[in-house]
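Open the model in your viewer and keep the sequence panel beside it. The stops below are given in the order in which to select them.

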Amino acid sequence: LDLSGLAPDERAAQVERILKEEGAQPFSVEQGPLGCFTLLTFNTEEHLLSINLPALCADARTLKNLVLECSQAYAAPLAEALMEEPLQYVQFSEWQHELLTTEDAAAGREFWTTQKVQEQSILSLPFEVRLPGNAHAGLFTTEPEVVALTIGAGSVEQLATMAGRYNVSLSVFLLACWQALLWRLTGQPEVTVKALFDGRKFGELQEAFGLFARYLPVNSRFGENLKFAELLEKVGHTVDDIYSWQEHFIEEPGSVARGSGINAAWLPIGFEFEEWPA
């Protein structure tokens, strides 16, 4: 799309409109195409590439890898080298299938059995209105909106310092804060949220394209005498264990928990932490 003849203000408005329309474009998984690439031309030396992919085909790491590959393709004529072809998603699917028959599979199922989510631990916020008979958040008809809050650099530094003081990652620190807030709001002793894990525990998966990330249930138990330092330690251990066994998680549709299967989709509240390179 050639926007080179537009004034700066008009061009900015057109870019915002085009990107909004691209983001709202539905995808047909069965018929395709499964990607939409739009190049906006501002002048002979300045362009903007919009990459729009369905969630079934790309997680956040995929987008990072795609940007990296585009950058390396630009540099290739100078460096005379392109990055090696990454692991294909079909290879990952075959490996995932084989994984369920290994010796570790039983241990993995045993771990997730201990992480079962009880129906009563599904949170209900005090200001929620629930329709009669629709006990689960997945049955709501909603009009989602986004509220963005920018945290100042000083606060970010303070958060990182506090996380370092307790020897946990910033992600674990914020997850503990999030669960503590939910406990304060609901008063429920069991707080379970679905947290996003990258699904790329093994080095071969780091540069692959596809949907590897998945939401997994993280449960914490609260009490009046629980100290925040103790909560941090518990959440840190839980997250480490889940990360170790994440590929053994089995999503079981139609129920909150049954056997070793858990339907994380029933959990109405989530947590996602993503760091982007400058």
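The expected span of a helix is 1.5 Å times one less than its number of residues. Keep that rule for the first stop, and keep in mind throughout that this is a predicted model.

**Helix H7**

Select residues 228-245, which make up helix H7. Now show the side chains of Leu231, Leu232, Val235, Gly236, Thr238, Val239 and Ile242, the residues of H7 that are buried. What lies over them? The cover for the buried residues of H7 includes helix H4 (103-114), H6, strand E3 (190-197) and strand E4 (214-221).

**Leu182 in helix H6**

Move to H6, residues 170-186, which has the highest mean pLDDT among the elements of the protein, at 95. Pick Leu182, which is in this helix. Is Leu182 buried or exposed? Its relative accessibility is 2%, so Leu182 counts as buried. Leaving aside neighbours within four places in sequence, Leu182 is in contact with Leu123, Leu125, Gly187, Val191, Val193 and Ile269.

**The aromatic cluster**

Select Tyr89, Phe92, Trp95, Phe202 and Phe212, which form one aromatic cluster. The structure holds 11 aromatic pairs. One of them is Phe92 with Trp95, a tilted pair with 5.8 Å from centre to centre and 35 degrees between the planes. Phe92 and Trp95 are 3 residues apart in helix H3 (residues 89-99), so about one helical turn separates them. Phe92 is buried, with a relative accessible area of 10%, whereas Trp95 is partly exposed at 27%.

Stay on Phe92 and turn to its pair with Phe212, which is edge-to-face: the centres are 4.6 Å apart and the planes are at 65 degrees. This pair links distant parts of the chain, with Phe92 in helix H3 and Phe212 in the loop between E3 and E4, 120 residues apart. Both Phe92 and Phe212 are buried.

**Arg11 and Phe42**

Next, show Arg11 together with Phe42. Arg11 lies over the face of the Phe42 ring, at 4.4 Å from the ring centre.

**Cysteines**

Select Cys36 and Cys70. Cys36 has a relative accessible area of 24% and is therefore partly exposed; Cys70, at 30%, is partly exposed as well. How many disulfides does the structure hold? There are 0.

**Strand E6 and the confidence colours**

Colour the model by pLDDT and go to strand E6, residues 257-258. Among the elements of the protein, E6 has the lowest mean pLDDT, at 44. Over residues 255-261 the pLDDT is below 50, yet this stretch has 23 contacts in the model beyond near neighbours in sequence. Where pLDDT is low, the predicted coordinates should not be read in detail.

**The whole chain**

Zoom out to finish. The protein averages a pLDDT of 84, and 84% of the residues score at least 70. Its secondary structure comes to 7 helices and 8 strands. Of the 278 residues, 31% count as buried. Among contacts between residues at least 6 apart in sequence, 64% join residues at least 24 apart.

Terms used. Residues are numbered from 1 along each chain as its sequence is written. This is a predicted model: local features need pLDDT of at least 70, side-chain atom pairs count only at pLDDT 80 or more; totals for chains, interfaces and linings use all residues. Side-chain values use heavy atoms; hydrogens and water are left out. pLDDT is the predictor's confidence in each residue, from 0 to 100. Helices (H or I, at least four residues) and strands (E, at least two) are DSSP runs, numbered from the N terminus. Contact means heavy atoms within 4.5 Å. A disulfide is a pair of cysteine sulfur atoms within 2.5 Å. Buried means under 20% relative accessible area, exposed over 50%, partly exposed in between (1.4 Å probe, protein chains only). Rings of Phe, Tyr and Trp (its six-membered ring) pair if their centres lie within 6.5 Å; planes under 30 degrees apart count as stacked, over 60 as edge-to-face and the rest as tilted. A charge sits over a ring if NZ of Lys or CZ of Arg is within 6 Å of the ring centre and within 35 degrees of the ring normal.
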